[in-house]
Amino acid sequence: MAPPAAAVAAVRNHSPHLLLRRGGGGLLPSPPGPATLPFASRGATASAPARLRLPPPRFSLSPVPKSLSAASSSSHVPVRSLFTGIVEEVGRVRRLGPPLAPSSGGGGGGEAPGLDLEVETRDLLAGMQLGDSVAVDGTCLTVAAIDPAASTLTFGVAPETLRRTSLGGRAPGDGVNLERALTPSSRMGGHFVQGHVDGTGEIAAFRPDGDSLWVTVRAPPEILRLLVPKGFVAVDGTSLTVVSVDDEGGWFDFMLVRYTQDNIVLPTKKVGDKVNLEADILGKYVEKLLAGRVEAMAKVDS
(Lines give C-alpha, C1' and ligand atoms only; values in the text may rest on other atoms or scores of the structure.)
Protein backbone atom coordinates (compact mmCIF):
# COMPACT_ATOMS: atom_id res chain seq x y z
CA MET A 1 0.00 0.00 0.00
CA ALA A 2 1.33 3.42 -0.88
CA PRO A 3 2.33 5.55 2.10
CA PRO A 4 0.19 8.64 2.63
CA ALA A 5 1.43 11.89 1.15
CA ALA A 6 1.47 13.45 4.61
CA ALA A 7 3.97 10.87 5.83
CA VAL A 8 6.32 11.50 2.94
CA ALA A 9 6.06 15.25 3.47
CA ALA A 10 6.80 14.81 7.16
CA VAL A 11 9.95 12.85 6.38
CA ARG A 12 11.05 15.53 3.92
CA ASN A 13 10.41 18.30 6.45
CA HIS A 14 12.14 16.47 9.26
CA SER A 15 15.24 15.43 7.26
CA PRO A 16 15.55 17.82 4.30
CA HIS A 17 19.24 17.09 3.86
CA LEU A 18 18.45 13.57 2.71
CA LEU A 19 16.94 14.98 -0.48
CA LEU A 20 19.17 17.98 -0.98
CA ARG A 21 21.52 16.31 -3.40
CA ARG A 22 18.84 15.16 -5.81
CA GLY A 23 19.14 16.81 -9.19
CA GLY A 24 22.71 17.99 -8.61
CA GLY A 25 21.95 20.37 -5.77
CA GLY A 26 24.87 22.20 -4.19
CA LEU A 27 26.26 22.10 -0.71
CA LEU A 28 24.23 23.10 2.28
CA PRO A 29 24.82 26.71 3.37
CA SER A 30 26.90 27.46 6.44
CA PRO A 31 24.99 28.34 9.60
CA PRO A 32 23.59 31.89 9.22
CA GLY A 33 25.53 34.48 11.13
CA PRO A 34 28.15 33.96 13.81
CA ALA A 35 27.77 31.07 16.19
CA THR A 36 28.05 31.06 19.95
CA LEU A 37 30.29 28.44 21.48
CA PRO A 38 30.05 27.02 24.99
CA PHE A 39 33.58 28.17 25.74
CA ALA A 40 36.14 30.29 23.99
CA SER A 41 39.59 29.78 25.39
CA ARG A 42 41.84 27.73 27.60
CA GLY A 43 41.09 30.16 30.43
CA ALA A 44 37.36 29.47 30.64
CA THR A 45 36.00 27.80 33.76
CA ALA A 46 33.04 25.52 34.29
CA SER A 47 31.40 28.02 36.67
CA ALA A 48 31.78 30.97 34.34
CA PRO A 49 32.20 29.69 30.78
CA ALA A 50 33.39 32.26 28.31
CA ARG A 51 31.33 33.06 25.23
CA LEU A 52 32.82 33.68 21.84
CA ARG A 53 31.25 35.17 18.74
CA LEU A 54 33.04 33.66 15.75
CA PRO A 55 33.02 34.86 12.15
CA PRO A 56 31.77 32.39 9.56
CA PRO A 57 34.55 29.77 9.19
CA ARG A 58 36.27 28.75 5.97
CA PHE A 59 35.83 25.12 5.10
CA SER A 60 36.82 22.80 2.31
CA LEU A 61 34.72 19.81 1.42
CA SER A 62 35.34 16.68 -0.58
CA PRO A 63 33.15 16.42 -3.69
CA VAL A 64 29.80 14.69 -3.21
CA PRO A 65 27.78 12.71 -5.75
CA LYS A 66 25.02 14.60 -7.58
CA SER A 67 22.50 12.11 -6.27
CA LEU A 68 22.93 9.73 -3.40
CA SER A 69 20.42 7.39 -4.97
CA ALA A 70 22.31 7.47 -8.28
CA ALA A 71 25.48 6.10 -6.74
CA SER A 72 26.01 2.57 -7.96
CA SER A 73 28.54 -0.21 -7.70
CA SER A 74 30.12 1.02 -10.94
CA SER A 75 31.07 4.30 -9.29
CA HIS A 76 32.08 2.77 -5.98
CA VAL A 77 35.65 3.49 -4.89
CA PRO A 78 37.06 0.29 -3.37
CA VAL A 79 38.71 0.46 0.05
CA ARG A 80 42.31 -0.63 -0.45
CA SER A 81 43.60 0.52 2.93
CA LEU A 82 42.04 0.85 6.35
CA PHE A 83 43.20 2.53 9.54
CA THR A 84 42.03 2.62 13.15
CA GLY A 85 42.66 6.25 14.12
CA ILE A 86 45.21 5.21 16.74
CA VAL A 87 48.23 7.41 15.97
CA GLU A 88 51.49 5.47 15.96
CA GLU A 89 53.89 8.39 15.86
CA VAL A 90 54.08 12.14 15.43
CA GLY A 91 56.39 12.69 12.47
CA ARG A 92 58.03 15.94 11.41
CA VAL A 93 57.66 17.56 8.02
CA ARG A 94 61.07 17.79 6.36
CA ARG A 95 59.94 19.26 3.04
CA LEU A 96 56.75 20.15 1.17
CA GLY A 97 57.37 21.25 -2.37
CA PRO A 98 57.57 20.30 -6.05
CA PRO A 99 58.90 16.84 -6.83
CA LEU A 100 62.68 16.76 -7.00
CA ALA A 101 62.51 14.46 -10.03
CA PRO A 102 60.06 15.37 -12.82
CA SER A 103 57.27 12.86 -13.31
CA SER A 104 57.36 10.76 -16.44
CA GLY A 105 53.59 10.50 -16.51
CA GLY A 106 51.45 12.60 -18.81
CA GLY A 107 47.89 13.73 -19.10
CA GLY A 108 48.08 16.59 -16.60
CA GLY A 109 45.83 18.70 -18.79
CA GLY A 110 47.58 21.87 -17.70
CA GLU A 111 46.58 21.43 -14.05
CA ALA A 112 49.05 22.56 -11.41
CA PRO A 113 51.24 19.65 -10.35
CA GLY A 114 51.05 18.03 -6.97
CA LEU A 115 53.69 18.27 -4.27
CA ASP A 116 56.06 15.93 -2.51
CA LEU A 117 55.66 15.65 1.26
CA GLU A 118 58.79 14.38 2.99
CA VAL A 119 58.26 13.32 6.60
CA GLU A 120 60.85 12.35 9.19
CA THR A 121 59.89 9.29 11.23
CA ARG A 122 61.52 7.21 13.96
CA ASP A 123 59.34 4.12 14.09
CA LEU A 124 57.65 3.58 10.72
CA LEU A 125 60.63 2.72 8.53
CA ALA A 126 60.88 -0.91 9.66
CA GLY A 127 59.15 -3.10 7.09
CA MET A 128 57.97 -0.12 5.04
CA GLN A 129 57.85 -0.69 1.28
CA LEU A 130 57.25 1.53 -1.73
CA GLY A 131 53.53 1.69 -2.46
CA ASP A 132 52.49 1.16 1.17
CA SER A 133 49.70 3.34 2.54
CA VAL A 134 50.18 5.66 5.50
CA ALA A 135 47.62 8.01 7.06
CA VAL A 136 49.26 11.43 7.37
CA ASP A 137 47.04 13.65 9.52
CA GLY A 138 44.21 11.34 8.54
CA THR A 139 44.90 11.49 4.80
CA CYS A 140 45.70 8.19 3.12
CA LEU A 141 48.93 8.70 1.14
CA THR A 142 51.17 6.32 -0.78
CA VAL A 143 54.85 5.94 0.04
CA ALA A 144 56.79 7.09 -3.04
CA ALA A 145 60.32 7.09 -1.62
CA ILE A 146 62.14 5.75 1.44
CA ASP A 147 65.43 7.16 2.72
CA PRO A 148 66.70 5.02 5.62
CA ALA A 149 69.79 7.21 6.08
CA ALA A 150 67.68 10.33 6.60
CA SER A 151 64.84 8.43 8.33
CA THR A 152 62.29 9.93 5.95
CA LEU A 153 59.30 8.82 3.92
CA THR A 154 58.19 10.78 0.87
CA PHE A 155 54.58 10.90 -0.32
CA GLY A 156 53.11 12.35 -3.49
CA VAL A 157 50.23 14.72 -2.69
CA ALA A 158 47.83 15.27 -5.58
CA PRO A 159 46.29 18.70 -6.32
CA GLU A 160 42.83 17.45 -5.28
CA THR A 161 44.24 16.27 -1.95
CA LEU A 162 45.80 19.69 -1.40
CA ARG A 163 42.43 21.34 -2.07
CA ARG A 164 40.39 19.07 0.17
CA THR A 165 42.71 18.68 3.16
CA SER A 166 44.91 20.86 5.33
CA LEU A 167 48.17 19.27 4.15
CA GLY A 168 48.98 22.17 1.84
CA GLY A 169 49.44 24.40 4.86
CA ARG A 170 52.18 22.29 6.43
CA ALA A 171 55.70 23.71 6.79
CA PRO A 172 59.09 22.18 7.64
CA GLY A 173 59.18 21.30 11.33
CA ASP A 174 55.42 20.86 11.67
CA GLY A 175 54.23 17.70 13.39
CA VAL A 176 51.92 15.29 11.57
CA ASN A 177 50.06 12.25 12.88
CA LEU A 178 51.22 9.00 11.28
CA GLU A 179 49.53 5.60 11.16
CA ARG A 180 50.29 2.61 8.96
CA ALA A 181 47.44 0.71 7.31
CA LEU A 182 45.87 -2.21 9.15
CA THR A 183 47.20 -5.73 8.71
CA PRO A 184 45.26 -8.96 9.44
CA SER A 185 47.02 -9.19 12.81
CA SER A 186 46.50 -5.55 13.88
CA ARG A 187 44.53 -4.70 17.01
CA MET A 188 41.37 -2.68 16.36
CA GLY A 189 41.74 -0.02 19.03
CA GLY A 190 39.81 2.85 17.45
CA HIS A 191 37.26 2.69 14.64
CA PHE A 192 37.30 2.10 10.90
CA VAL A 193 39.08 5.09 9.33
CA GLN A 194 39.48 5.07 5.56
CA GLY A 195 41.84 8.01 5.23
CA HIS A 196 39.38 9.63 2.82
CA VAL A 197 39.04 13.10 4.36
CA ASP A 198 35.50 14.50 4.09
CA GLY A 199 36.61 18.09 4.54
CA THR A 200 38.30 20.46 6.94
CA GLY A 201 37.09 22.01 10.16
CA GLU A 202 38.41 24.88 12.24
CA ILE A 203 39.52 24.74 15.86
CA ALA A 204 37.22 27.09 17.77
CA ALA A 205 38.18 26.66 21.42
CA PHE A 206 40.26 24.80 23.99
CA ARG A 207 39.36 24.39 27.65
CA PRO A 208 41.31 22.45 30.29
CA ASP A 209 39.34 20.17 32.59
CA GLY A 210 41.70 18.68 35.17
CA ASP A 211 44.44 17.00 33.18
CA SER A 212 42.09 16.54 30.20
CA LEU A 213 41.38 19.03 27.43
CA TRP A 214 38.07 19.96 25.82
CA VAL A 215 38.30 20.85 22.13
CA THR A 216 35.55 22.51 20.07
CA VAL A 217 35.69 22.35 16.28
CA ARG A 218 33.60 24.29 13.78
CA ALA A 219 32.51 22.10 10.86
CA PRO A 220 30.27 22.39 7.79
CA PRO A 221 26.74 20.96 7.87
CA GLU A 222 27.65 18.13 5.48
CA ILE A 223 29.92 16.68 8.14
CA LEU A 224 28.01 17.72 11.25
CA ARG A 225 24.90 15.83 10.19
CA LEU A 226 26.89 12.59 10.20
CA LEU A 227 28.10 13.09 13.79
CA VAL A 228 26.22 11.94 16.88
CA PRO A 229 27.04 12.17 20.59
CA LYS A 230 29.12 9.16 21.69
CA GLY A 231 29.83 8.39 18.03
CA PHE A 232 33.19 8.36 16.28
CA VAL A 233 35.00 11.04 14.29
CA ALA A 234 38.55 11.16 12.96
CA VAL A 235 40.25 14.52 13.55
CA ASP A 236 43.61 14.74 11.79
CA GLY A 237 43.45 10.96 11.68
CA THR A 238 42.87 10.52 15.41
CA SER A 239 39.90 8.35 16.43
CA LEU A 240 37.88 10.40 18.92
CA THR A 241 34.52 10.14 20.67
CA VAL A 242 32.10 12.98 19.99
CA VAL A 243 30.60 14.48 23.15
CA SER A 244 28.22 17.17 21.84
CA VAL A 245 26.97 18.26 18.42
CA ASP A 246 25.32 21.62 17.79
CA ASP A 247 23.94 21.66 14.25
CA GLU A 248 22.57 25.19 14.52
CA GLY A 249 25.76 26.58 16.04
CA GLY A 250 27.89 24.66 13.56
CA TRP A 251 30.24 22.90 16.00
CA PHE A 252 31.00 19.68 17.84
CA ASP A 253 33.32 18.94 20.74
CA PHE A 254 35.31 16.12 22.31
CA MET A 255 37.73 15.58 25.17
CA LEU A 256 41.38 14.54 25.04
CA VAL A 257 42.80 12.56 27.95
CA ARG A 258 46.38 13.22 29.02
CA TYR A 259 47.90 10.28 27.14
CA THR A 260 46.24 11.31 23.87
CA GLN A 261 47.37 14.91 24.32
CA ASP A 262 50.96 13.72 24.65
CA ASN A 263 50.87 11.56 21.53
CA ILE A 264 49.07 13.56 18.83
CA VAL A 265 49.52 16.93 17.13
CA LEU A 266 46.18 18.56 17.95
CA PRO A 267 47.04 20.11 21.37
CA THR A 268 49.99 21.95 19.77
CA LYS A 269 47.70 23.75 17.36
CA LYS A 270 45.94 27.04 18.04
CA VAL A 271 42.43 28.41 17.68
CA GLY A 272 41.69 29.07 14.02
CA ASP A 273 43.90 26.27 12.69
CA LYS A 274 42.37 23.80 10.24
CA VAL A 275 41.95 20.10 10.96
CA ASN A 276 41.09 17.21 8.65
CA LEU A 277 37.75 15.57 9.40
CA GLU A 278 36.40 12.16 8.45
CA ALA A 279 32.98 11.09 9.67
CA ASP A 280 32.28 7.49 10.63
CA ILE A 281 31.60 5.41 7.52
CA LEU A 282 28.56 3.84 9.24
CA GLY A 283 26.80 7.20 9.29
CA LYS A 284 27.36 7.59 5.55
CA TYR A 285 25.84 4.20 4.83
CA VAL A 286 22.82 4.97 7.01
CA GLU A 287 22.28 8.30 5.25
CA LYS A 288 22.38 6.66 1.84
CA LEU A 289 19.97 3.91 2.90
CA LEU A 290 17.51 6.45 4.32
CA ALA A 291 17.77 8.62 1.21
CA GLY A 292 16.89 5.64 -0.96
CA ARG A 293 13.97 4.74 1.29
CA VAL A 294 12.53 8.25 1.21
CA GLU A 295 12.92 8.44 -2.55
CA ALA A 296 11.18 5.09 -2.98
CA MET A 297 8.30 6.27 -0.77
CA ALA A 298 7.98 9.42 -2.85
CA LYS A 299 7.81 7.44 -6.11
CA VAL A 300 5.15 5.08 -4.76
CA ASP A 301 3.10 8.01 -3.51
CA SER A 302 3.25 9.75 -6.87
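A residue is called buried here when its relative accessible area is under 20%, exposed when that area is over 50%, and partly exposed in between (1.4 Å probe, protein chains only). By this criterion Phe254 is buried, with a relative accessible area of 0%, and Phe252 is likewise buried at 0%. The model is predicted, so local features need pLDDT of at least 70 and side-chain atom pairs count only at pLDDT 80 or more, while totals for chains, interfaces and linings use all residues. Residues are numbered from 1 along each chain as its sequence is written, and side-chain values use heavy atoms, with hydrogens and water left out.

The structure holds 1 aromatic pair. Its partners are Phe252 and Phe254, with ring centres 6.0 Å apart and planes at 35 degrees, so the pair is tilted (rings of Phe, Tyr and Trp, the last by its six-membered ring, pair if their centres lie within 6.5 Å; planes under 30 degrees apart are stacked, over 60 edge-to-face and the rest tilted).

Both phenylalanines also belong to the largest nonpolar core, where Val215, Val235, Phe252, Phe254, Leu266 and Leu277 touch the most other members among 23 residues. Such a core is a set of buried Ala, Val, Leu, Ile, Met, Phe, Trp, Tyr and Cys residues joined through side-chain atoms within 4.5 Å. A second, separate core of 15 residues includes Val119, Val134, Leu153 and Phe155.

Leu277 is buried too, with a relative accessible area of 1%. Beyond its neighbours within four places in sequence, Leu277 has contacts (heavy atoms within 4.5 Å) that include Val197, Val235 and Phe252. Val197 lies 80 residues from Leu277 in sequence, yet their C-alpha atoms are 5.8 Å apart.
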